[in-house]
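Visitor: I am new to this structure and would like to understand the words used to describe it. Could you show it to me and then take my questions one by one?

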Amino acid sequence: MDQDFVIDRSRYDDANTDTSVFKAPAGLTKETVMEISKQKKEPDWMLQKRLAAFEHFEKTPLPTWGPSLSKLDLNKITYFVRPGAKESKRWEDVPEAIRKTAERIGIPEAEKRALSGVGYQYDSDVVYHNIKKEWEEQGVIFENMDVAVHKYPELVRKYFMTSCVPINDHKFVMLHGAVWSGGTFIYVPPGVKVTIPLQAYFRMNAQNGGQFEHTLIIADKGSEVHYIEGCSAPRFEASALHAGCVEIHVLEDAKVRYSSVENWSKNTYNLNTKRAVVDKNGVIEWINGNLGCLTEGAQVFTNPKGPISIKNIDVGSKIYVWDHTTNRIVKSMVKGKVFSGKKPTYRLEAGGREIEATANHPFLTLTHQKRQPHHKKAFFQHEWKSLSYLKEGDLVAIAKQLPIEGQPFKLPPIEHTHNVNSRNQYGTFTMNTKHLFNENITLLKETTEDFMWLMGLLLGDGHIDTKHNKINIAIPEQESLQETVIDVVYKLFNYSITYKKDRYVIINSKLLAMLFSQIGFGGTANTKRIPNWVFTLPKTHIQALIAGYFDSDGHAHKNALAFTSINKPLLNDLRLLATTVGFGVSQIFSHGKKRKTTILGVDCNAQDSWRIHLNGPLVHSFPSRSHEKQEKIKLIKTKRNYISADGLNFKSKTNEYIGFATITKIAPLGEQPTYDIEVENYHNFISNGLIVHNSGCTMLYPCSILRGEGAHADSLGIAFAGPGQHQDTGSKVIHAAPYTTSAIRAKSISKGGGISSYRGYLRTTRGAQETKSTVVCDALLIDDTSTSNTYPFMKIENNDVDISHEATVGKIGDEEIFYLMSRGLTEDQALKMIVAGFIEPVVKQLPLEYAVELNKLIELEMEDNVG
Amino acid sequence: MTKTLRIEDLHVSVAGKQILKGVTLEITTGTVHALMGPNGSGKSTLAHVLMGHPKYTVEKGRIFLDDKDITHLPPNERAKLGLFLSFQYPAEITGVKITSFLRTAYNTLHNTNMSVVEFHKLLKQTMTELAMNPDMIKRCLNEGFSGGEKKRTEILQLLLFKPAFAILDETDSGLDVDALRIVAEGINKARGKDMGILVITHYNRILDYLAPDKVHIMRDGKILKTGGPNLAKQIESQGYEFSEFASLTQENSGEL
């Protein structure tokens, strides 16, 4: 039987009065884009480019797309455009932690002012002008991007967002293309070698970089240039999003080096697209120091404890992960957990599941691959994509059911001493309470389907009255279900229900009242929850519980089982539970608002209520025991849909465990504490029923496209993962021409439980014969709790390649520490010296002031009290 | 002012294995002591324990520098009090430039802040004394050094840091004749009335240069015999198994 399905959201529309937090903001409109262009007095072709990008941006299926829009109110955008609209922020307003750090590492006053947004005059205008004069004599252009549009229209028109990063590349690029502002333009004429590194530092008096700055570097034939990105100082931005774009054109025989020391400020992050296209015999070199990264938090399914909040998960817990070779869900172990600090988060909803994650969190998706000449037809392919690259309508992987080898739950013995100490005004005495217990009751050792069905009834419409030692279950008199309950209770506990009243079946037993409360089925309509142990039961038990709940409080909707409650957390429990056994689930949606109403002739204040739908093929084998409801269930239509938004069928990618659902919504949530976990042998886990990757910033990596014969790419990166950080760095190289070469060297340092990962993507295309690539990853672990991982990914499409990959992991040795300490250095100094030595190959590639700064930053990171 | 390094009944184990079984020794500044003994007798262990290597556990006994008990001080504090160990196998520290390391150590040990230029002058001069290639300073600490280069770099530090007590752990091993002479001359330049030296060695050659005041023979974690320079000569000609020594060992093994 096919069990694959995608929830079709439209059918919930009748009930959906969802007052979602997020409405399409009025912020970014065509008018806004036109206004930006007008403010900048841009030529028409640039305006058209912006509008084209905006059109692409808008074309994406639903306008409620989260990250970018939400952060972009009109004022923010115009701020970067309108001259004179200076941000009024003062240095004193910058968060203390950043300020202190900046002061400690001695960031120049000029930079301090720049990052606080206070306008400033560059103190060394003379120096700047002298250098500038030298460049100009050689024909080198080093200009603000906005100015370049006016001054060098031919060059900009030819290279700006054309062949390197086209405007329709991906969502962020589209946005960037529409609203870009500021940045750097560099053109080096043929044969000119710029000896002094060009730095945005020299340009800070022109204009501050913003959220959407664009860097365009063109190294014409045989030229050389070294560009150093911005200032490495913490960029304090009001908005968490930085969607910049860096395009580098390395023409024949030219050489470009691009250095950046970035991202170390822990409360900002970049979603920059950095790419270079390299022509014949050209060389691109990326040098990157990276300090800081992101993660998320949610419910993770563990075995055997059921769903546990990620922040409470223990190292060593067994959890469920997706195994890509078998396309099955398997168990693995949690190797590490890190707290990643407060981060801006977003809610993603798909297939009735929802998850809160940071923008860089990768999800498993299906992407549509166009038909290739060597393929029969177009096809779907698994791909990890970070949240920021997903849009509504995309497919994300969901865990349809977990391979739970559930066990019946051992029920606790109920302590019941009949002698109770009591007291009155005359003193204390012992009271025999034997009469309160029904001695004939037999207790079960462990759960059964009947027992769980009864618990379901309790959840749905039952109440345990521990004060009066009775259990009320609401079932209208006219329903045959009352008899069923009486039968089940008799079978289970050898107890005959004699007391029925109108709509209630009543069990008068202190023992059972105690038992049911003790195992977690107590509480009121507002506070009831599904106990965690239920998640560890055999599937039949879980289904029985859901059936019980349904029989007492659910109803058959035209295409789903519907549950309504004022208790949202309870519905959420139900939803999670239902996903584990294979139901399709809906979002929890608002059903009724707070209002005055009349129930059974009594005036009441109705509370806000919520609803959830379960559907899928399981509905038709649903173990409901209500004859009336069963008849209605038969009428439920379950709908299966394997067709994606692209109109293609993806049935072959699914099975009884793995399905794909369309994303129905992505909305911003604001800052929340975030976590990440590291899993043995796998890099993904199942959270809230969705398959998610460990955190990462894969898409931030510089990408080099070697498209001319003999082109070369060099990438040198360094990452520092301190306590609570997961550093994910890497490099992407595409060998698209013969005789191209690349060398990637990544160095990472992990300390205090920090995790550093190298993720490399290397591809050689069919025609790229005799290409060579070496990847070397060196990791330094400061202590036993830290981790280093290497994930090289290679896609080789021809046989004539020479690729080597080596990874070394070193731990700082006692002998090295002892040696340095025997020369008077403290242990701390010794550690710092060794770390400084380790990163030396990177540092020596940087100009002095950056080297000094990077060293200082690393030293700061090495100190425990900085964080 | 004369200083004294005093080792009292030192018992040391590593990973549960007893290495030193009661070593007592006293060295004053201005004297040179040689420590000899067969392989595995505990000489290098003594050197490391004196410097405070965390791998070794002092089970019993104490180490004093003058009246200060330094038995449990971390290595860097011992260094600041004037202890120096010339390593038999110095650690290679990748990426750390010799100059910056030496200047940091120099400034820390002497509690000063010598400028780069000034230090460079001092370093160059000292290196000339040791006939070291000036290009060495561009290299990283011990990284890719030959055995001789490493030893010379150790003695360079001895000359720069001028400690009160220097423990030279097989500084002579692995050196050719010329290198040995230069290193020994270096040590002689460093020594004086303000420095006490403990030379750990297998050979007399270095002792010919250094002319020790006392020679100690160590075996099985204990100092079995102490004598004048002649004792070293006796060992060289007769080996550690010469009759007098062998009988001593026997007597002692009876005690054990």
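Guide: What follows is a conversation about the terms used for this structure and the values behind them.

Guide: This is a predicted model, in which local features need pLDDT of at least 70, side-chain atom pairs count only at pLDDT 80 or more, and totals for chains, interfaces and linings use all residues. Residues are numbered from 1 along each chain as its sequence is written, while chains are lettered from A and ligands numbered from 1 in the order in which they are written.

Visitor: How do you know how many helices and strands chain A has?

Guide: Helices (H or I, at least four residues) and strands (E, at least two) are DSSP runs, numbered from the N terminus. Counted in that way, chain A has 19 helices and 41 strands, and chain B has nine helices and ten strands.

Visitor: What makes a residue of chain A count as buried, and what percentage do?

Guide: A residue is buried if 20 or more other C-beta atoms, placed from the backbone, lie within 10 Å of its own, exposed if 12 or fewer, and partly exposed in between. By that rule 49% of the 867 residues of chain A are buried, and in chain B, with its 256 residues, the buried part is 41%.

Visitor: Why is H3(B) called roughly perpendicular to H4(B)?

Guide: Two packed helices are described by the angle between their axes and the distance between the axes. Axes are lines fitted to C-alpha atoms, for helices over the stretch in contact, and angles run from 0 to 180 degrees between N-to-C directions. Helix H3 (residues 98-109) of chain B and helix H4 (residues 116-129) of chain B have axes 11 Å apart, at an angle of about 100°. Angles under 35 degrees count as roughly parallel, over 145 as roughly antiparallel, 65 to 115 as roughly perpendicular and the rest as oblique, and therefore H3(B) is roughly perpendicular to H4(B).

Visitor: Which residues of H3(B) and H4(B) meet, and how do you know?

Guide: Two residues are in contact if their C-beta atoms, placed from the backbone, lie within 7 Å. On that basis B:Thr99, B:Leu102, B:Arg103 and B:Tyr106 in H3(B) meet B:Val116, B:Phe119 and B:Leu123 in H4(B).

Visitor: What makes up the contact of H3(B) with H4(B) by class?

Guide: Ala, Val, Leu, Ile, Met, Phe, Trp, Tyr, Cys and Pro count as nonpolar, Asp, Glu, Lys and Arg as charged, and the others, Gly among them, as polar. This contact of H3(B) with H4(B) has five nonpolar residues, one polar and one charged.

Visitor: How many residues of chain A and chain B are in contact?

Guide: In the model, 18 residues of chain A are in contact with 23 residues of chain B. On the side of chain A, helix H17 (814-821) and helix H18 (827-843) are the elements that give two or more residues, and H18(A) has the largest share, with seven residues. By class, that side of chain A has nine nonpolar, four polar and five charged residues.
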